[in-house]
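Hi everyone, thanks for making time this morning. I'd like to walk you through one model, so please have a look at it with me.

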Amino acid sequence: MKIQLAIVTVALLALVGSSSAAAQGKADPASAKVLAIEAKWNDAYKIGDASTMESLLAEDLIITVEDGSTFSKTGYLAHTADSALKVQISDLSDLKVRMHGIVAVVTGAYHEKGTSKGKAYESRDRFTDVWMKTASGWQVIASHYCIPASQ
């Protein structure tokens, strides 16, 4: 009797585990949407498309960059529109999305290379972006970039 109970228990655990793994394997539509707008923001930044970025950034956005400086939405858009900034590479990788109702947290790695005021620069960062679903769609409300300690 104990052997049969053990076999049934193991079989049920295996069944629950496999259905859980299958559910995790399915793409979450909200996560996919957030990743798509994350890519849209990155593409707009790379080409200096302030109009597209403006629609994706919340009015009370705060961005913290590698040196600890912060930008508001207005400041970030001005920085991006600066003709002295030429972005050559703007790549996202290792992206992970965590959904919490109408809030999504995206983490990942970021590589940027270009020139600013005629000087070459290159950075490899980790980032956290916080998106919130609003009446007008998903908007980023906070973003934080940091240089990994190993650099």
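Let me start with a question: how many aromatic pairs does a search of the whole structure find? The search finds five. By a pair I mean rings of Phe, Tyr or Trp (its six-membered ring) with centres within 6.5 Å; planes under 30 degrees apart are called stacked, over 60 edge-to-face, and the rest tilted.

Before the details, a word on what you are looking at. This is a predicted model, in which local features need pLDDT of at least 70 and side-chain atom pairs count only at pLDDT 80 or more, while totals for chains, interfaces and linings use all residues. Residues are numbered from 1 along each chain as its sequence is written, and side-chain values use heavy atoms, with hydrogens and water left out.

Now the overall layout. The protein chain has four helices and six strands, and from the N terminus on they run α-α-α-β-β-α-β-β-β-β. These elements are DSSP runs numbered from the N terminus: helices are H or I with at least four residues, strands are E with at least two. Of the 151 residues in the chain, 28% are buried, where buried means under 20% relative accessible area, exposed means over 50%, and partly exposed lies in between (1.4 Å probe, protein chains only). Among contacts with a separation of 6 or more, 50% are between residues 24 or more positions apart; a contact here means heavy atoms within 4.5 Å.

Back to the aromatic pairs.

Tyr-110 counts as buried at 6% relative accessibility, and Tyr-145 does at 14%. Ring pairs also link Trp-41, Tyr-45, Tyr-76 and Trp-131 into a cluster.

Let's turn to the largest pocket, which has a volume of about 560 Å³. Of its 24 lining residues, the closest to the centre are Tyr-45, Val-65, Glu-66, His-79 and Glu-112. For the method: on a 1 Å grid over the protein atoms alone, a pocket is an open set of points with protein on both sides within 12 Å along at least five of seven lines, and lining residues have an atom within 4 Å of a point. Grid points are joined across faces, edges and corners, and the volume is the space filled by probe spheres set on the points; the probe is 1.4 Å.

Which element gives the largest share of the lining? That is E5, with five residues. Helix H2 (29-47), helix H4 (73-81), strand E3 (85-100), strand E4 (103-116) and strand E5 (119-134) each supply at least two. By class, the lining has eleven nonpolar, six polar and seven charged residues. Here Ala, Val, Leu, Ile, Met, Phe, Trp, Tyr, Cys and Pro count as nonpolar, Asp, Glu, Lys and Arg as charged, and the others, Gly among them, as polar.

His-111, in strand E4, is buried at 13% relative accessibility. Its side chain makes polar contacts with the side chains of Glu-122, at 2.6 Å, and Arg-124, at 3.5 Å. His-111 and Glu-122 are eleven residues apart in sequence and 7.5 Å apart C-alpha to C-alpha.

Thr-107, also found in strand E4, is buried at 18%, and a 3.2 Å polar contact joins its side chain to that of Arg-98.

Over in strand E6 we have Gln-139, buried at 14%. The side chain of Gln-139 reaches the backbone oxygen of Ser-55 at 3.3 Å.

Methods: A polar contact is a pair of N or O atoms within 3.5 Å; within protein, one must be able to donate a hydrogen and the other to accept it, and residues adjacent in sequence count only if both atoms are side-chain atoms.
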